[in-house]
Amino acid sequence: MAVPPIQRSPHPAGLRHPWLLDMVLGLLIVAALPLAIITIPNTLSVVAGLLPGDIDQVGLRRTHGLALPALMLTVPLAAVALRRAKVAHVILGGLALVALSDVAGGYAASELVVGVVRVLRGIGAGLIVPATLAAVWDRVPALRALWVGVLSLSLLAAQALALWPLDDVSSWKVTLQPYPLVTGVALALAAVYLVAWMLLGRPVSPGLDVRERSRLLLAAVPAAGIAVVAISTATEGWRATPVILLAATAIVGLLALASIGTAESRPLAYSMVAVGVVLLPSAAQVTLVEMGGLGGPGLRGLWIPYGVAGLLAVAASVVVRLFARAAGRWLAPLGLLSMVVGLCSVRLVVPSADGLVLAVPFTLLAVGAAVALTATLQEVGIGTAAFGLSLCFAGVLAGFLLGTGVQMKMLDGVRSAQELVDSFVGALHWWALIGGFLTVAIIVLAAVMARRPGQETTPAGLDGGPPCAGTDSGARTVPPSGEQRGDVLLVRASPDDGAGSSRDGEGGVGMEHKGVKSPGEPDGGGSADGDVVLPVSSQGAFDKLKPRRDNEEPADPAGALPAVPPQGHSPEDAASP
């Protein structure tokens, strides 16, 4: 009698040495996920003084901001492609595009090449994020928790990580290739993961059903609309009120899209929108206010708060994933409430010359996001998770648009450097207030919609189903019924503003009357002539300003370094300048 051939199990339990694959995957997440997220900020205005005179600086900043639109459009399409493509291949391809953009960035000498480089980097990052989520989906629970924690930390520290390589640089092209060594390490880890994946058993990746693919493609529609609006605000010189109204409309549209589907999928979608709109845009503004050139501790004084927040976010995600699998319904709103408290603390402690106090808002924001996402991811399948991730990055751009509109409103009519800084801090406080109320509204919306029946029913077994509480998502069982279950600053200048620029000695704050960028510059760059730029000096951004040498006079005595207003100043206490 012939012996039937031995069939390899598609689940992780059937792998040879699964711990080795998990270890490589964990290292890959730590290296690749932050590398993808730091693609979002547009930091070209920080090195504006190094740009060649024959290059259109406004157009260059606009094309430099194309990375975020490219990323958010790629995420849903990449998630759909994962139905047929192998996860290991997609991760390797995404990192290869990031590496290619690093290489091409060294040869960029025109607006067109910069745009191509940034779009390539955005596409590569858009492939990495959903592919790494799919890679950890059916692995050990700690890996998915690690993914959520690293994502939360990356969104929190993206602006700081993008600024760090610009300390004392001699070429503006560093903004196009910020971490070439990290890119090389991540690419090597992806290659090792591919080899290990091929040799140790080729675990089957979770798939999507037809309905989830349709919903992912639907998510690309509002993302494209938000990208068009963002680029238009940069090129057409829109006023503050239309920008705010369009950003608010975009957020409402994302929440409406998040409301479709089953009752179990809505909490994740709402949480993803809240985290996308609030976390990175808020942290980017706080980071810019706390730069050394504006009187803050600088990036060197912020790394301890960032490190504390990141470690606690990963730890909170692991605890929720391992010990609170059935508590998603109350942990998700609790995490979002933590973000609200973090935004309230921003109004109280920012600006601050002491960087350690910023550990409070950073920790509340990062831990709250990690808890909310981890809790809600446990209730859904991979298709719904990818859909929520698509809404998250569309929310990032919508949040940047709304924050930019608030800044434009507050900074309209400023006539001095001190008024500019005062109004910028006031805009941050107003943004924290708006973000807090928006998050509370999302919590209420999620609670109301959770009581309503779903508008669609996902076929059993096609989307992976919600994981059984208390069981490993990698071990699946089939019940008798057959149902499968498993586990910056964009403002119009005053008409009488000059066209020159002034710098306060070494490492001072530069005032360029060309175009102002918000911290992440998601809208694709500066607007038309007549805008104001407040770039942070590459020296002043990282620490306190260096003292002047003996007998050295400032370049412009009238343009003294503006002082950051004392903490506790609230925009509603006084009229806007």
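Is Leu337 buried, exposed or partly exposed, and what is its relative accessible area? In this predicted model, local features need a pLDDT of at least 70 and side-chain atom pairs count only at pLDDT 80 or more, whereas totals for chains, interfaces and linings use all residues. Residues are numbered from 1 along each chain as its sequence is written, and side-chain values use heavy atoms, with hydrogens and water left out.

Leu337 is partly exposed, with a relative accessible area of 41%. Here, buried means under 20% relative accessible area, exposed means over 50%, and partly exposed lies in between (1.4 Å probe, protein chains only). Leu337 belongs to helix α12, which covers residues 328–349. Helices (H or I, at least four residues) and strands (E, at least two) are DSSP runs, numbered from the N terminus. Although Leu337 and Gly368 are 31 residues apart along the chain, their C-alpha atoms are separated by 7.3 Å.

Side chains of opposite charge can pair when their charged atoms come close. Three salt bridges are present in the structure, a salt bridge being a side-chain nitrogen of Lys or Arg within 4 Å of a carboxyl oxygen of Asp or Glu. One of them joins Arg139 to Asp22, with 2.6 Å between the closest N and O atoms. This pair links distant parts of the chain, 117 residues apart: Arg139 is in the loop between α5 (111–137) and α6 (141–163), and Asp22 is in helix α1 (residues 18–37). Arg139 is buried, at a relative accessible area of 6%, and Asp22 also counts as buried, at 13%.

Another salt bridge is formed by Arg121 and Asp102, whose closest N and O atoms are 2.7 Å apart. The partners are 19 residues apart and again link distant parts of the chain, with Arg121 in helix α5 and Asp102 in helix α4 (residues 87–105). Arg121 is buried at 2% relative accessibility, and Asp102 is buried at 5%.

The side chains of Asp167 and Arg300 also meet in a salt bridge, at 2.8 Å from N to O. Here too distant parts of the chain are linked, 133 residues apart: Asp167 lies in the loop between α6 and α7 (180–199), and Arg300 lies in helix α11 (residues 298–323). Asp167 is partly exposed, with a relative accessible area of 22%, and Arg300 is partly exposed as well, at 42%.

Helix α9 (residues 240–258) contains 19 residues and reaches 27 Å from its first C-alpha to its last, close to the expected 27 Å. The expected span of a helix is 1.5 Å times one less than its number of residues. The buried residues of α9 are Ala240, Val243, Ala247, Ala250, Ile251, Leu254, Leu255, Leu257 and Ala258. Seen down the axis of α9, these buried residues fall within an arc of 165°, so they line one face of the helix; the arc is that of the directions from the helix axis to the C-beta atoms. The face turned away from the buried side of α9 carries the exposed residues Leu245, Thr249 and Val252.

Thr439 is located in helix α15 (residues 417–449) and is buried, with a relative accessible area of 1%. The side chain of Thr439 reaches the backbone oxygen of Gly435 at 2.8 Å. When residues up to four places away in sequence are not counted, Thr439 touches Val278, Leu336, Val340 and Leu343, where contact means heavy atoms within 4.5 Å.

Note on methods. A polar contact is a pair of N or O atoms within 3.5 Å; within protein, one must be able to donate a hydrogen and the other to accept it, and residues adjacent in sequence count only if both atoms are side-chain atoms.
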